[in-house]
Amino acid sequence: MNDANDSVGKAKKRRKPKPPPMPRPERLRRLGLVTLAGVLTFLSFPFTTERDSNLWPLAWFALVPFLEGIRGLTGKRAFWFGALGGFVTNLGGFWWISEVLREFGHLPWYVYWPLTLLNSFYQGLMFAVFALLVARAARWKEHGLVPVWHVAALFTAVEWLFPMIFPWYLANGQYRFLPAIQIAELGGVMCISFVMVAFNAGLHRLWVHRALRRDPARPELPRRALIATFLGTAIVLIYGQVRVVMVDAQIAEADKLELGLVEADIGIFEKQAKHLPPREQALTLHRNLLKHQTMSAALEARGVDLVVWPESSFFPLDDPFIKRTDRMALGLVDGRLVEWVYDAARDDFAWRALAGAEVESVREARALAVLREDRFVTLGPEGLGEAGTALPEGATFRAIALVAAPGFGTHEDHARATVWAAGERGALAFGRLGQALKPVGSGVSETLDGIAMKSARDGVAVGRRGALVEIEREAARAVAPVSQDDLSAVAWSGPSKAGQVALAVGREGAIAVRFAEGWELERLPGEIDLVAVDFDRDNAPWVGGAGGYVATRVAGAWQPVPLPSARDVTALAVDPLGAVLVADAAGGLWVRPEGASAWRSAATDLGPAGQGSGVMSAIASAEWAQAIPLPRDVRWVRQSRAPLPALVDFDRDPTIELAQASDRDRATVQRGFTTPILFGGLTWAPPPPGKERRVLYNTAIMLDQRGRVVDTYDKVYLLAFGEYMPFGETFPGLYDAFPQAGRFTAGDEVKTFTWRGHRIGIMICYEDIMADFTGRLADLEPNIIINVTNDAWFGKTAEPWLHLALAVFRAVENRLTLVRSTNTGISAFIDPTGRLTGATRMDDAEVLVGEVPLMSGGTVYGAVGNLFASAMLILVVAHASLAWHRRRQRRRPEGETT
């Protein structure tokens, strides 16, 4: 019992007496000091919509009143005074959050202002924690003065560890003061903060020494520490100036890339147009896309190497035409399937053998039909090369066609297929692919050698002695022949002003053309036997035949385009990119890319041909599929050659788009230009097992000059409440409560795009303010970093300039060019010194063109990361532990041992 009483007594003795109330004048003085510090700090950052609005020199003495305001206070009081200073700082810097919540969250003032104040209070607690630690460290110091370098180390450790909703550092306001920020390559942005706080602490010691000049107990001025502080600051600035000169020399010698940034200045409401009636919404969405394309066409005229659009800039009204593989056509060589496919090693197309496991083919196939790259069928003596698709018995078939099944669009993504077959003695049959075909009476007895369908129910078949069979609504009827010459092939043109036209070719140059009014006969000069026909992207027909003869119709007249080979043409087709593909009887394979003036031999990698002749007997184009934008596995996006309307003309009469652009043209990225482009868009993947909702991603996509996807990157760090709802997948009702929140899935890979021998690092939105994330990207050794973002959410506030100020340091930390493409500003080129070599305004649409250096990067900070901040934390903890141990030793009674 006595021992217990003794323990209680000792505890009472150790209990600190409550400090006396602070006199009101003193309280007001200290409140004024920390408030002044907060104002000076946020004024050192961008605080208006104007360029260079930040008064960066203020930060070099902004903490002097803060340190004086907490000097001599207990830990608790210092905490709350520090919280006030931090609150003022963050409210001045982040007041625009209220605008975001009001305009885009549609919240009332009594909700958005408390949330804004709450964010400012929370982020201000960083200063509160710093003040608490300084007060604790000063308890045993004379006049409550902590050594200069100790103050800087405390601030650096707290700044590094404190979790911010919107991460920022004291040094970020110095983004325009180039000599000061160069040491970021050594220790990151926190290294700069350390120097600045040490400088502030040194000034504070001088100020206190001056203020206490009449105090006989005035502490001695730490001259050595102050000399080291100010001399160290000078060395940092000299180092920075020298490094700027050195890096500028490296920039001058580096390879350059001419970039063009499109800033269309489309507000967030205008971007999705959800608030507008359906017609106005459609016109707005399409005008937004036309605006980006028109500005990109202007950049192409200026000769840029790469066009960059901002985050989520591709938001088409219609579904684009895409491909999921690099396959553009299929062919038959000695009855086996081959494919015309992009070869990355050659950066060109080549023929190669198709893997046998990919398709059930038949031996000695003699006919081929393709709906899409993933949907095709072959025909041979054993029937159709598709399990379950049985031909009617008693008939021999020679030609097939594959089209989208009824109920599906002609090019609809993943549409089911209908197959039609034609053959000897007028045999005709059709059915769903994978099911038995049923016969249809053709009304002719001649062998049908060709068939082409423009829909699942309508088409035409042709054959011997000029046989013509028209198919309407799955019923066939014979048409009086326009010639007695055998017809061997037929094709339909695409939609045009004249409607769709069917063209059949045959012996002695016979060409039967079906117009809306009926069939007409043409005959080529020289009466060359023709065996193949197809239409190009301009709906111009191409025919091929004996003696290597190839011709196309130009301005209503047939123009020969003969092959270098004189051997008979065996197959001909036009691929989705407009290249004419031809095979001849000697095994030659030829290609004439769209716009080219001559044939060239097509590259091949077909492997052993066995005992066959090696002759390609059939070619069929693997056409585009129309898909909801954009599937995550997209590999090509169709380019459009339709002219762009002037925006003023479109505004006056939007129907001009219907006259000059098809649905294929209205939903593409590259229209009016073919320059490679990097843009932001939304991509999707099918629902995972057991789920109904598709998986959505915020993605950056790069297309080359052909429309091929160079690579894609899915945003890794999503914005809470904007792109996803925390715990929303666990509690789906949260998405109903916050309908403005997106529902995206985070990417799982940091990556670079390899293009033209260089590596492009990609970031989306606020990933560019995260030093650790950028470090992971820098580890992949990019030559440049491009950030696509959309700051339109924040309206015409200081946020875009603040975002830019935070991002500048990523360029210095890694000695790489950072390019920022934004929707409404601020788009910018930031060179490896952190210098803004170009920046847009926050008003009106504009393009920004710049020649940017492609650097190799590599810095100390890139190698060691936040080692400096870690060292400061270790020093603080070690110093605190040592001080605690010494105080404990002093309090231990004499003679007591441990």
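Guide: Let us begin with burial: a residue is called buried under 20% relative accessible area, exposed over 50%, and partly exposed in between, with a 1.4 Å probe and protein chains only. This is a predicted model, in which local features need pLDDT of at least 70 and side-chain atom pairs count only at pLDDT 80 or more, while totals for chains, interfaces and linings use all residues. Residues are numbered from 1 along each chain as its sequence is written, and side-chain values use heavy atoms, with hydrogens and water left out.

Visitor: Is Asp485 buried or exposed?

Guide: Asp485 counts as buried because its relative accessibility is 14%, whereas Arg523, with a relative accessible area of 33%, is partly exposed.

Visitor: What joins Asp485 and Arg523?

Guide: Side chains of opposite charge can pair when their charged atoms come close. The term salt bridge is used for a side-chain nitrogen of Lys or Arg within 4 Å of a carboxyl oxygen of Asp or Glu. Asp485 and Arg523 form such a bridge, their closest N and O atoms being 2.8 Å apart. Asp485 lies in the loop between strand 17 (475-479) and strand 18 (487-492) and Arg523 in strand 21 (residues 518-523), so the pair ties together parts 38 residues apart in sequence; strands (E, at least two residues) and helices (H or I, at least four) are DSSP runs, numbered from the N terminus.

Visitor: How many salt bridges does the structure hold?

Guide: The structure holds 51 salt bridges. One of them pairs Asp348 with Arg600, with 3.1 Å between the closest N and O atoms. Because Asp348 belongs to strand 6 (residues 348-353) and Arg600 to strand 29 (residues 600-601), this pair ties together parts that are 252 residues apart in sequence. Arg600 is partly exposed, at a relative accessible area of 31%.

Visitor: Which residues have the most contacts inside the largest nonpolar core?

Guide: In general, a nonpolar core is a set of buried Ala, Val, Leu, Ile, Met, Phe, Trp, Tyr and Cys residues joined through side-chain atoms within 4.5 Å. The largest one here has 126 residues, and those with the most contacts inside it are Phe66, Leu259, Ile760 and Ile786. Helix 10 (residues 189-211) gives the most to this core, with eleven residues. A second, separate core has 23 residues, including Phe349, Trp351, Leu581 and Ala583.
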